Amino acid sequence: WTLPRNKTMALQNANANTARAIILSGEIGDLNTLLNNYKRLSEIQSLQDNHKGALESYKQYTLYKDSVFNMEKDKKLTETAMRYEFDKKEAATKAAQAEKDRRQRTIRNSFIAGATLLLLLLIGLINRYRYKQKANIALAEAYENLKSTQQQLIQSEKMAAFGVMATRMAHEIQNPLNFVNNFSE
């Protein structure tokens with residue numbers, strides 16, 4: 001079976017244009033366009049009853065299809081690997097940040113605990129100082145009372161000693177007077 005002349009010319013033009021498109025796609029490295037052009041060329045050659053050429057074009061199509069598939073698969077694998085590495089680095093960064101935050105909390109809590117302990121120590125020292133002041137005041141009052149009592153005791157002892165001395169003197173004076181009185185009687 002043969003094709004009408006204008007259809008045969010159209011297929012020859014499509015064949016030539018597709019062959020040029022294959023060359024251009026190969027030069028610019030556009031594998032998807034190259035793949036589609038080989039498929040189109042295989043269909044055109046099949047319509048022209050060039051089954052050997054159609055088979056070769058179809059082989060090229062499947063070769064590029066496998067290449068594109070493998071490239072896409074490699075690209076996805078690379079993306080997956082990059083995503084994994086990124087997630088791994090991000091997790092490590094988050095872990096490092098969490099550790100840094102934990103250390104900062106520990107330092108802050110230690111500082112707060114130290115400040116609280118210092119405040120409690122200061123309050124204890126102030127209370128001890130006040131207690132000592134009150135004790136010193138009470139001790140000073142007791143000392144003043146003791147001094148006053150000692151002065152009174154000394155004064156009493158002086159008076160008692162003076163009384164004893166006066167009694168002895170009176171006795172010593174009374175003895176000669178009694179002797180004189182007795183003798184005069």
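Helices here are DSSP runs of type H or I with at least four residues, numbered from the N terminus, while strands are E runs of at least two. The model is predicted, so local features need pLDDT of at least 70 and side-chain atom pairs count only at pLDDT 80 or more, though totals for chains, interfaces and linings use all residues. Residues are numbered from 1 along each chain as its sequence is written, and side-chain values use heavy atoms, with hydrogens and water left out.

Aromatic rings come up next. Rings of Phe, Tyr and Trp (its six-membered ring) pair if their centres lie within 6.5 Å; planes under 30 degrees apart are stacked, those over 60 are edge-to-face and the rest are tilted. Searching the whole structure turns up 3 aromatic pairs. One of them joins Tyr-38 and Tyr-64, whose ring centres sit 5.5 Å apart with planes at 15°, so this pair is stacked. It links distant parts of the chain, since Tyr-38 belongs to helix H2 (residues 31–47) and Tyr-64 to helix H3 (residues 51–184), 26 residues apart. As for cover, buried means under 20% relative accessible area, exposed means over 50%, and partly exposed is in between (1.4 Å probe, protein chains only). Tyr-38 is buried at 14% relative accessibility, whereas Tyr-64, at 22%, is partly exposed.

Phe-179 and Phe-183 make another stacked aromatic pair, at 6.3 Å centre to centre and 15° between the planes. These two Phe residues are 4 residues apart in helix H3, so about one helical turn separates Phe-179 from Phe-183. Both Phe-179 and Phe-183 are exposed.

Then there are the charged side chains. A salt bridge puts a side-chain nitrogen of Lys or Arg within 4 Å of a carboxyl oxygen of Asp or Glu, and the whole structure holds 4 of them. Among them, Glu-56 and Lys-59 meet at 3.9 Å, N to O. Both lie in helix H3, 3 residues apart, or about one turn of the helix. Glu-56 is partly exposed at 42% relative accessible area, and Lys-59 is partly exposed at 45%.

Further along helix H3, Arg-83 and Asp-87 are 4 residues apart and form a salt bridge, with their closest N and O atoms 3.9 Å apart. Glu-99 and Arg-103 also lie in helix H3, 4 residues apart, and the closest N and O atoms of their salt bridge are 3.6 Å apart. Arg-102 comes in here too: Glu-99, Arg-102 and Arg-103 are linked in a network of salt bridges.
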